[in-house]
Amino acid sequence: MKSNKAIVKVMQAKLEQPDLAPLVREILAGLGENPERNGLARTPHRVDQALKFLTSGYRMDVQKVVNGALYDVKYDEMVVVKDIEFFSLCEHHMLPFFGKMHVAYLPKNRVIGLSKIPRIVDVFARRLQIQERLTQEVAQTIQQVIDPVGVGVICEARHFCMMMRGVEKQHSGAMTSAMLGAFRTRKETRDEFLALVNHRGSGGL
């Protein structure tokens with residue numbers, strides 16, 4: 001069971017977030033719908049909850065996400081976590097964009113728990129974003145948290161604002177990258193990263 005302090009903390013967090021349901025109800029009416037009809041009666045509440053989840057990165061703290069999972073290890077070869085799935089919302093139209101991210105770093109004196117890298121991606125993906133900034137924020141945060149020799153991030157994404165509206169190109173995608181430290185200054189490091197990202201071993205790894 002949750003302690004009284006934990007329950008109070010959850011209640012306070014909920015109180016700090018405004019109720020978006022009335023605004024969603026106004027939007028529905030503005031679109032010519034009846035917000036009170038059976039199929040839409042609970043929609044404002046559902047949208048409120050969905051948007052708060054999809055933007056929960058604003059309320060995440062990187063240090064709490066990492067939670068001390070940094071380990072002193074004498075290892076100086078590249079560490080790569082690839083095919084990290086993410087979902088985000090475009091800040092221009094608030095439509096989804098989604099894809100996968102590949103993150104690599106060259107350790108100096110320590111490594112980070114592997115599961116923490118996807119969690120760091122979620123911290124920044126669950127905000128209103130543009131792909132270019134998302135890629136940079138993940139790279140810069142890994143650099144700050146681990147202090148490695150270098151960091152490389154590649155992001156591949158498809159954008160609903162291009163697929164459903166505007167140019168309506170359903171099969172188009174975008175790729176962005178951020179290279180810091182050795183990944184920027186050493187061509188051989190970048191090439192190794194790209195080769196590892198593109199490699200498909202047994203079992204799809």
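Which residues of α6 are buried? They are Q131, L134, T135, E137, V138, A139, T141, I142, V145 and I146. Buried means under 20% relative accessible area, exposed means over 50%, and partly exposed lies in between (1.4 Å probe, protein chains only).

This is a predicted model, in which local features need pLDDT of at least 70, side-chain atom pairs count only at pLDDT 80 or more, and totals for chains, interfaces and linings use all residues. Residues are numbered from 1 along each chain as its sequence is written, and side-chain values use heavy atoms, with hydrogens and water left out.

**Overall picture**

The protein has nine helices and seven strands. Helices (H or I, at least four residues) and strands (E, at least two) are DSSP runs, numbered from the N terminus. Of the 205 residues in the protein, 36% are buried. The protein exposes about 12700 Å², and carbon and sulfur atoms supply 55% of that area. Accessible areas come from the Shrake-Rupley method with a 1.4 Å probe; for residues, only the protein chains shown count as cover. Contact means heavy atoms within 4.5 Å. Among contacts between residues at least 6 apart in sequence, 69% join residues at least 24 apart.

**Helix α6**

α6 has 16 residues, and its end C-alpha atoms are 23 Å apart. At 1.5 Å a residue the helix should span 22 Å, which agrees. The expected span is 1.5 Å times one less than the number of residues. D147 follows α6 and has a positive phi, near 55°.

**The cores**

A nonpolar core is a set of buried Ala, Val, Leu, Ile, Met, Phe, Trp, Tyr and Cys residues joined through side-chain atoms within 4.5 Å. The largest one holds 32 residues. F86, M101, V103, Y105, V138 and I142 touch the most other members. Several elements each supply at least two residues of this core, among them β2 (79-90), β3 (96-106) and α6 (131-146). A second, separate core of nine residues includes M78, L106, A182 and V197.

V103 shows the packing. Not counting residues up to four places away in sequence, V103 touches residues including V79, I84, V121, V138, I142 and F193.

**Salt bridges**

A salt bridge is a side-chain nitrogen of Lys or Arg within 4 Å of a carboxyl oxygen of Asp or Glu. By this rule there are eight. Three of them are listed here.

| Pair | Closest N to O |
|---|---|
| R133 and E137 | 4.0 Å |

R133 is in helix α6, and E91 is in the loop between β2 and β3, 42 residues apart. R133 counts as partly exposed because its relative accessibility is 30%. E91 is partly exposed too, at 33%. R133 and E137 both lie in α6, four residues apart, about one turn of the helix.

K187 and D191 sit four residues apart in helix α9 (residues 187-198), so about one helical turn separates them. K187 is exposed at 52% relative accessibility. D191 is partly exposed at 35%. Shared partners join E91, R133 and E137 into one network of salt bridges.

**Two other sites**

D48 is found in helix α3 (residues 43-54). Its relative accessible area is 3%, so D48 is buried. Leaving aside neighbours within four places in sequence, D48 is in contact with P18, D19, L20 and A21.

On the surface, Y71, V73 and Y75 form a nonpolar patch with about 270 Å² of accessible area together. Such a patch joins nonpolar side chains (Val, Leu, Ile, Met, Phe, Trp, Tyr) within 5 Å, from residues with over 30% relative accessible area and no salt bridge. Y71 lies in strand β1 (residues 70-72). Y71 is partly exposed, at 44% relative accessibility.

Technical notes. Patches are made of residues with over 30% relative accessible area and no salt bridge: like charges are joined within 9 Å, nonpolar side chains (Val, Leu, Ile, Met, Phe, Trp, Tyr) within 5 Å.
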